[in-house]
Amino acid sequence: MTDSNIETIHQNIHQRQSIGQLIEPAPNTEQLEKAVQAALTAPDHHRLKPTRFVVVTPELRAAFGEQLASALADLGETDSAQLDRVKQHPFRAPLLVLVLTTIQDHPKVPHFEQILSTGAAIQNFLLSLQAQGFATMWRSGAVVESNWLKQQLGLKQQDLISGIIYIGTAAKAIAPRAEIDSQDFVKVWQVT
Ligand SMILES: Cc1cc2nc3c(=O)[nH]c(=O)nc-3n(C[C@H](O)[C@H](O)[C@H](O)COP(=O)(O)O)c2cc1C
């Protein structure tokens with residue numbers, strides 16, 4: 001890899017920031033497929049392939065909002081204002097992708113490793129979309145805890161809705177990320 005390619009890859013990583021206000025255009029089928037392919041290369045102990053993607057297309061956002069409200073009601077929410085609010089959530093972006101973790105009981109791969117694998121997959125997904133000119137926001141919210149919603153998505157109770165990824169184009173430019181001093185987060189291991 002050339003120095004300039006290395007620099008470009010690092011710029012893409014550093015420039016990724018969550019954007020709450022997302023507008024058209026959203027990625028087309030090929031662009032989304034590229035991002036899914038990138039996601040599916042994530043480290044994955046014993047290649048269990050725990051990560052699944054559910055695409056909520058723009059025209060189904062209202063129906064998906066209804067499902068989110070039902071999920072919130074399933075969790076005990078009775079405030080109609082809250083339920084109405086969640087119905088609008090899918091309209092925060094033109095395209096949503098749910099990223100799920102289907103957990104297997106495996107003698108060598110504990111559940112947490114499978115969940116981390118989905119986390120790595122999501123980061124690849126976000127970075128691929130960023131490299132293709134799109135902006136994203138990884139969200140969750142109370143709804144991901146709803147067993148009713150899991151059931152609707154074909155998941156078992158132990159599986160996870162690991163992210164609701166909002167995808168589109170940034171509605172406005174945002175300030176670059178502040179520099180992070182890595183010294184606060186890194187130390188050299190010492191013999192104790
Ligand atoms: C698993 C997960 C769930 C998240 N859920 C939400 C959410 O529901 N709402 C929200 O505002 N931010 C959520 N975030 C945080 C944003 O995705 C984002 O990472 C954070 O705002 C920091 O911004 P940055 O990505 O630009 O550094 C979540 C992050 C992770 C990793």
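Reply: What follows describes that loop, then the cavity, and then a helix contact. The model is predicted.

The loop runs between helix 2 and strand 2 (51-56), and H46 sits in it. R47 is found in the loop between helix 2 and strand 2 as well. H46 has a positive phi of about 60°, although it is not a glycine. R47, also not a glycine, has a positive phi of about 45°. As for accessibility, H46 has a relative accessible area of 46% and is therefore partly exposed. R47, with a relative accessible area of 69%, is exposed.

The structure holds one cavity of 30 Å³ or more. The volume of the largest cavity is about 60 Å³. Its lining includes A39, L40, A42, D44, K49, P50 and T51, together with S117 and A121. By type, the lining residues are five nonpolar, two polar and two charged.

The peptide bond from E24 to P25 is cis, with omega near 0°.

Helix 1 (residues 3-15) packs against helix 5 (residues 111-131) at an angle of about 110°, and their axes are 9 Å apart. Because of that angle, helix 1 is roughly perpendicular to helix 5. N12, I13 and Q15 of helix 1 meet L127, Q130 and A131 of helix 5. The residues of this contact are three nonpolar and three polar, with no charged ones.

Notes: Residues are numbered from 1 along each chain as its sequence is written. This is a predicted model: local features need pLDDT of at least 70, side-chain atom pairs count only at pLDDT 80 or more; totals for chains, interfaces and linings use all residues. Side-chain values use heavy atoms; hydrogens and water are left out. On a 1 Å grid over the protein atoms alone, a cavity is a set of points where a 1.4 Å probe fits but cannot get out, and a pocket is an open set with protein on both sides within 12 Å along at least five of seven lines; lining residues have an atom within 4 Å of a point. Grid points are joined across faces, edges and corners, and a volume is the space filled by probe spheres set on the points. Ala, Val, Leu, Ile, Met, Phe, Trp, Tyr, Cys and Pro count as nonpolar, Asp, Glu, Lys and Arg as charged, and the others, Gly among them, as polar. Axes are lines fitted to C-alpha atoms, for helices over the stretch in contact, and angles run from 0 to 180 degrees between N-to-C directions. Helices (H or I, at least four residues) and strands (E, at least two) are DSSP runs, numbered from the N terminus. Angles under 35 degrees count as roughly parallel, over 145 as roughly antiparallel, 65 to 115 as roughly perpendicular and the rest as oblique. Contact means heavy atoms within 4.5 Å. Buried means under 20% relative accessible area, exposed over 50%, partly exposed in between (1.4 Å probe, protein chains only).
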